[in-house]
Amino acid sequence: MPADTNPMLQKQVIYSIFVRNHTKEGTFLSVIPDLDRIRDLGVDVVWLMPIHPTGEKGRKGALGSPYANRDYRAVNPEYGTLDDFRQLVDAIHARGMRCIIDVVYNHTSPDSVLFEQHPEFFYRKPDGNPGNHVGDWSDVIDLDYGTPGNWNKPLWDYQIESLCYWATMVDGFRCDVASFVPVEFWKAARKAVAKVRPDAIWLAETVHRSFGKACRALGMCCARDTEAFEAFDIEYSYDVQETFDNYLRGKATLSHYLDLVDFQDCAYPAYYNKLRYLENHDLPRIAGWDSDPRDLRNLTAMAYFLKGTTLLYAGQEVAAEHQPSLFDRDTVDWTVRCDLSGLMRTLYGIKRDVLQPTDYCHATADDEKNVAVIYRDDIREEAGETPRTVGAFSLKGEAARVAVDVADGTYKNLIDGSDVTVSDGELACDGEPVIMRCPRPELAV
């Protein structure tokens, strides 16, 4: 991990907004009236998906993908002016939250300002024409950062200058497909931005494990997650996402997924921070997988309880089922199907006040009953008499008795204040999520 990474980011919650689809107006200024509600969910950071102009050449849909960036140094006029953007950022700051913006540094639209001014910055296909490595991304052309010993330094300078410009306004960056851009570039960018914004947040969208393997097999630049952690504070948890998706499909066991989560704690650097989410703009809505309110409460509680920064995608708090299009006007459906807002506020308090970045974490699962049991042991000397925090999450919302490594007794559920009984080594779960504090058993080494 970078030496200046703040471990306390693990206690925080990020809320993701696609300006075009967040409100009917789809503008920077129209987001401002919603900021109080967002803050009151328990949110530390607002992530604005790409704010830049969208390319027209080869665009998908009527409005094009925000990830087909036309100009790194301007804002999308459909959203408003630069002054409007500054007003939004100021309003976020005034409510005690920070703001990060999306930067798409692997590619641009084919009609980008950068291609017009510097065609030498771009990847060329064997026929000499600009192109991209991922065929499905037909609306973009890839940048070429060079290779070790032959870096494209003029491109590096342009991109870093752009980051430093935005860092005068915002508090960090979510970096799209960061794995495809050399880690050495990101390290240089981080060092430069630190002179402008010393506490900038760096969030990497790393890639699904299978996608990364396929890209590396083709000879593409695709950093492994351990390498990306040299430059970034937080990474996506796409390394285990496919197994979680397969669990939701009934094609993998819960214990398989949690075993991989345990493996993360063994494989990554101390204070590693994996972004924990149930959905994002590239994934189906979790309520589209499972709309049962009790299931959603358990899934939500588990996402907050896992070690790492929590991500909320706008609309998740009302259990929105429709995944908004990236290519057209497709406003979030704010109809409340299951109001998770109160639960999220409570979980935020637990995350902030109880859980620690230094916690020793391990997880087990009862596959037959679909119950995840996750332990977070506070190993600090000042932890007190109840250093173990236990989360029991019935992901199918069913009442069950599940084995726990906790002394028999009655404990308080930190989520709703109810009593939770452990007898004969089993916790009596009523189908609602449980988080409780208790003594840690004696450990033998």
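This is a predicted model: local features need pLDDT of at least 70, side-chain atom pairs count only at pLDDT 80 or more; totals for chains, interfaces and linings use all residues.
Is the crossing of helix 13 and helix 14 right-handed or left-handed?

Residues are numbered from 1 along each chain as its sequence is written, and side-chain values use heavy atoms, with hydrogens and water left out.

Select the strands of the open sheet: eight of them, with parallel pairing, in the order 11-10-9-8-3-2-1-12. Strands (E, at least two residues) and helices (H or I, at least four) are DSSP runs numbered from the N terminus, and two strands pair if DSSP finds at least two bridges between them. Strand 11 (274–275) and strand 12 (310–313) are the edges; each has a single partner strand, so one side of each lacks a neighbour in the sheet.

Next, select residues 45–48 and 98–103, which are strand 2 and strand 3, paired in the parallel sense over four bridges. Here Trp47 stands opposite Ile100 of strand 3.

Now select helix 13 (residues 293–305) and helix 14 (residues 341–353), whose axes come within 10 Å and cross at roughly 25 degrees. Axes are lines fitted to C-alpha atoms, for helices over the stretch in contact, with angles from 0 to 180 degrees between N-to-C directions. The two helices are therefore roughly parallel (angles under 35 degrees). Their crossing is right-handed, meaning that the near helix is turned clockwise from the far one by less than a right angle.

Finally, show the contact (heavy atoms within 4.5 Å): Arg297, Thr300, Ala301 and Tyr304 of helix 13 meet Leu343, Met344, Leu347, Tyr348 and Lys351 of helix 14.

Notes:
Angles under 35 degrees count as roughly parallel, over 145 as roughly antiparallel, 65 to 115 as roughly perpendicular and the rest as oblique.
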